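Subject: Structure for your review

Dear colleague,

Please find the structure below, together with its sequence. A summary of the findings follows.

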Amino acid sequence: MAVQDHPWFKQRGYLHFDLPMGIKQAESIATSPNRVKRHSFYPFISYEIKSKKVRKGEDGQSLTIKKKKRPISYASHVDSHIYTYYTYKLTEYYEKTIKEIGIENNILAFRKLGKSNIDFANEAFDEILRRESCAAISFDIEGFFDNLNHSILKQNWCRVLNDEKLPDDHYNIFYSLTKFSKVDKDSLYKTFGISKNNPKNKNRRICEPNQFREIVRKNGMINVNNTQQGIPQGSPISALLSNIYLISFDEFISKSIKEIGGSYLRYCDDILCIVPLASKEYITKTINEEIEKLKLTINKDKTKTSEFKIINGQLVCDKSLQYLGFTFDGFHKLIRSAALARFSERMKSGVRLAKLTRIKHNRIRIQKGIPRQSVYKRKLYERYSHLGKKNFIRYGFRCAETMGEKAIKKQLKPLWNRLQEEIKK
């Protein structure tokens, strides 16, 4: 069977404590419960992704930039194959369970539904249009992956498997993800003299097994999670486990909202409830109470309620609903202004970098007596304009088409002029 046709195997080429492996070797380990239950998992390698959150001020013009750090961990090659195989098998149990309890249409993230966030947002907005008078309440679970309680995770994992306790192979995986260990990537690379920019140069693995024992382990570079909460973000199975963790919550909330004639939608840690206006306080209270039972917390600052009503024959709202990167005011479906602002910032940074690169190259050209060149525009157009094939502008066009919303194209139109202005500066 070709790699691309394999149902769970994925070729991995990154640098870790072990060597990459092929399909046959991965299958011989991952598909054997006896080998998995005895398997010793390597520590995860961890690093932080730094990103900027750009928000428009109340005046609609000023920008607030907030720096955010997100921890990411990635497993060794053999460990990743085990996690991926068990994700593949466990997904079958999870899908069967949510279908049996009737919540298969309520859970949107980390499932093969053939849809994107564009479709999910559009369907939610269309439901509000059909209902006309309703309240749309959005909730955000605070510090989701870092706060998953291990006992509750194991309990719901058993529920999905329809077993009283985890089989030995499943338990070993559970243990590796709850008592997970990790090593900081920067410290690791520095210790072994590995280049951050070209890590695989002459390196097939970070170190040999004896070096792992004598240097990494003995020098205390491994940090172990000794708490009763949290799983690593970045493992192939973490996303599925986040859904499994909330299965009882999803069942209870979905049933409660259905009883009052509403709809419940969850996309990872983002929850949207579309309910009758008279039920908004009841649902807000219920969501908070039920999430607390799972040792989690709803971020109250991000809990937003939008009330939709028909006034003079037109659906209007007191506050635009923000959902999965879009806003809806009862009339227009738009891309969030913050997303447009972030793209503008990236575009400006990209143009500045292109200019600095061109200045550097022109110095060399001048030394050689060759005429200067202007900024190379082709790559800039590919990344930041409609002339590219895969970029934010093209994404915006898909949004406009899927949602049947001309106003989105109007949002995108000024970005071409901004790009030209930045290039001309």
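How much space lies in the second largest pocket? In this predicted model, the volume of that pocket comes to about 510 Å³. It is lined by 18 residues, and those closest to its centre are T87, Y88, T91, F110 and K112. Two elements, α3 (77-100) and α9 (238-245), each give two or more residues to the lining. The largest share, six residues, is supplied by α3. By class, the lining of this pocket consists of seven nonpolar, five polar and six charged residues.

Helix α9 also takes part in a helix packing. Its partner is α5 (residues 150-161); the two pack at an angle of about 90°, and their axes are 8 Å apart. Helix α5 is therefore roughly perpendicular to α9. On the α5 side, the contact is made by I152, L153, N156, W157 and V160, and on the α9 side by L241, I244 and Y245. Seven of the residues in this contact are nonpolar and one is polar, while no charged residue takes part.

In general, side chains of opposite charge can pair when their charged atoms come close. The structure holds 16 salt bridges, and one of them joins R159 to E251, with the closest N and O atoms 2.7 Å apart. Because R159 lies in α5 and E251 in helix α10 (residues 247-259), this pair ties together parts that are 92 residues apart in sequence.

Yours sincerely,

Key: Residues are numbered from 1 along each chain as its sequence is written. This is a predicted model: local features need pLDDT of at least 70, side-chain atom pairs count only at pLDDT 80 or more; totals for chains, interfaces and linings use all residues. Side-chain values use heavy atoms; hydrogens and water are left out. On a 1 Å grid over the protein atoms alone, a cavity is a set of points where a 1.4 Å probe fits but cannot get out, and a pocket is an open set with protein on both sides within 12 Å along at least five of seven lines; lining residues have an atom within 4 Å of a point. Grid points are joined across faces, edges and corners, and a volume is the space filled by probe spheres set on the points. Helices (H or I, at least four residues) and strands (E, at least two) are DSSP runs, numbered from the N terminus. Ala, Val, Leu, Ile, Met, Phe, Trp, Tyr, Cys and Pro count as nonpolar, Asp, Glu, Lys and Arg as charged, and the others, Gly among them, as polar. Axes are lines fitted to C-alpha atoms, for helices over the stretch in contact, and angles run from 0 to 180 degrees between N-to-C directions. Angles under 35 degrees count as roughly parallel, over 145 as roughly antiparallel, 65 to 115 as roughly perpendicular and the rest as oblique. Contact means heavy atoms within 4.5 Å. A salt bridge is a side-chain nitrogen of Lys or Arg within 4 Å of a carboxyl oxygen of Asp or Glu.
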